[in-house]
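Biologist: I'm new to this one. Can you put it up and walk me through it?

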Amino acid sequence: MRSRPTLLIAAGLLAVQACEAQPPDLGGPPGDGADAGGSDYADLIVSFTEDGVTQTCGEVGTAVCGAQTGNCMDHPALGAPDAIVYELEPGGLLEVAFVCRPILDRVDGDTPIPDFRVLASGASDSNFGVIEISRDGDVYQSLGNLIRADQEFHITDTGFDYVRFIRISGAPTAAIQIDAIEALR
Ligand SMILES: [Ca+2]
Ligand SMILES: [Ca+2]
């Protein structure tokens, strides 16, 4: 019995360590969420299109790390890849956020290296998605087209050194299957 307080303290220290995050310069919310250590995958679905109707399920301004709410808790594009995909339909839109930890612009000396990856299939030169990125979920910049499976992207050319939001607008002809969106660390 005497060892129990020690164990509890040790468990508490481990929990604190596990919750430590690298705070972004945006003043992000490291702290209490289940994902507070920083997920490498989109941790918030802001909105998406289903059967031509836009579903909104994330309040951008009040988003808290690890606290996806609404009807997106089980959204197939949320979190790590699991082979369960979201069908981005023609004309549709998927908007996700990295609330726990933003996507950072990575460089290797003078060499830019990719910063995030869209784990998807079904995209091609003729059946593409348009990728846009944003810091605040309000002002977006176009980053190019999603034209192949598991394509990697650089945020460097936009002038952003980090972003939190990615928006993918649907291809003109057929659906694109999106499993997850990964920040490269
Ligand atoms: Ca980069
Ligand atoms: Ca998935």
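Modeller: A term to start with: two strands pair if DSSP finds at least two bridges between them. Strands themselves are DSSP runs of E with at least two residues, helices are runs of H or I with at least four, and both are numbered from the N terminus. This is a predicted model, where local features need pLDDT of at least 70, side-chain atom pairs count only at pLDDT 80 or more, and totals for chains, interfaces and linings use all residues. Residues are numbered from 1 along each chain as its sequence is written, while chains are lettered from A and ligands numbered from 1 in the order in which they are written.

Biologist: What is the strand order in the open sheet of 6 strands?

Modeller: The order is β2-β1-β4-β13-β9-β10, and the pairing is antiparallel. β2 and β10 (140-146) are at the edges. Each has a single partner strand, so one side of each lacks a neighbour in the sheet. On average, neighbouring strands here are turned by 15 degrees against each other, direction ignored. For that angle, axes are lines fitted to C-alpha atoms, for helices over the stretch in contact, and angles run from 0 to 180 degrees between N-to-C directions.

Biologist: How many bridges are there between β1 and β2?

Modeller: There are 4 bridges, between β1 (residues 44-50) and β2 (residues 53-56). Thr 49 has Thr 54 in β2 as its bridge partner. The two strands make a hairpin with 2 residues between them.

Biologist: Which residue in that turn has a positive phi?

Modeller: Asp 51, at about 55 degrees. Asp 51 is not a glycine. Most residues other than glycine have a negative phi.

Biologist: What does β1 pair with on its other flank?

Modeller: β1 is joined to β4 (residues 93-97) by 4 bridges, running antiparallel. Ser 47 has Glu 95 in β4 as its bridge partner.

Biologist: And what goes on around β9?

Modeller: β9 (residues 129-134) pairs with β10 over 6 bridges, antiparallel. β9 also pairs with β13 (residues 165-169), over 5 bridges and again antiparallel. Look at Ile 131: Gly 144 in β10 stands opposite, and Ile 168 is the bridge partner of Ile 131 in β13. β9 and β10 form a hairpin with 5 residues between them, and Gly 137 in the turn has a positive phi of about 80 degrees.

Biologist: New topic. Which strands make up the open sheet of 4 strands?

Modeller: In order, β3-β14-β8-β11, with antiparallel pairing. β3 (86-88) and β11 (151-153) are the edge strands, each pairing on one side only. Neighbouring strands of this sheet are turned by 40 degrees against each other on average, direction ignored. β3 meets β14 (residues 176-183) over 3 bridges, and Leu 88 stands opposite Ile 176 in β14.

Biologist: Which residues have the most contacts inside the largest nonpolar core?

Modeller: Ala 42, Ala 77, Val 96, Ala 97, Ile 178 and Ile 181, in a core of 43 residues. Such a core is a set of buried Ala, Val, Leu, Ile, Met, Phe, Trp, Tyr and Cys residues joined through C-beta atoms within 7 Å. β14 gives the most to this core, with 5 residues.

Biologist: Now Ile 155. Why does it count as buried?

Modeller: Because Ile 155 has 23 C-beta neighbours inside 10 Å. Ile 155 lies in the loop between β11 and β12 (162-163). Leaving out residues up to four places away in sequence, Ile 155 touches Ile 103, Asp 105, Asp 115, Ile 133, Phe 160 and Val 163. Touching, or contact, is when C-beta atoms placed from the backbone lie within 7 Å.

Biologist: Last thing. Where does pLDDT stay under 50?

Modeller: Over residues 1-38. pLDDT is the predictor's confidence in each residue, from 0 to 100. Where pLDDT is low, the predicted coordinates should not be read in detail. The mean for the protein chain is 81, and 78% of its residues reach 70 or more.

Key: Two residues are in contact if their C-beta atoms, placed from the backbone, lie within 7 Å. A residue is buried if 20 or more other C-beta atoms lie within 10 Å of its own, exposed if 12 or fewer, and partly exposed in between; C-beta atoms are placed from the backbone.
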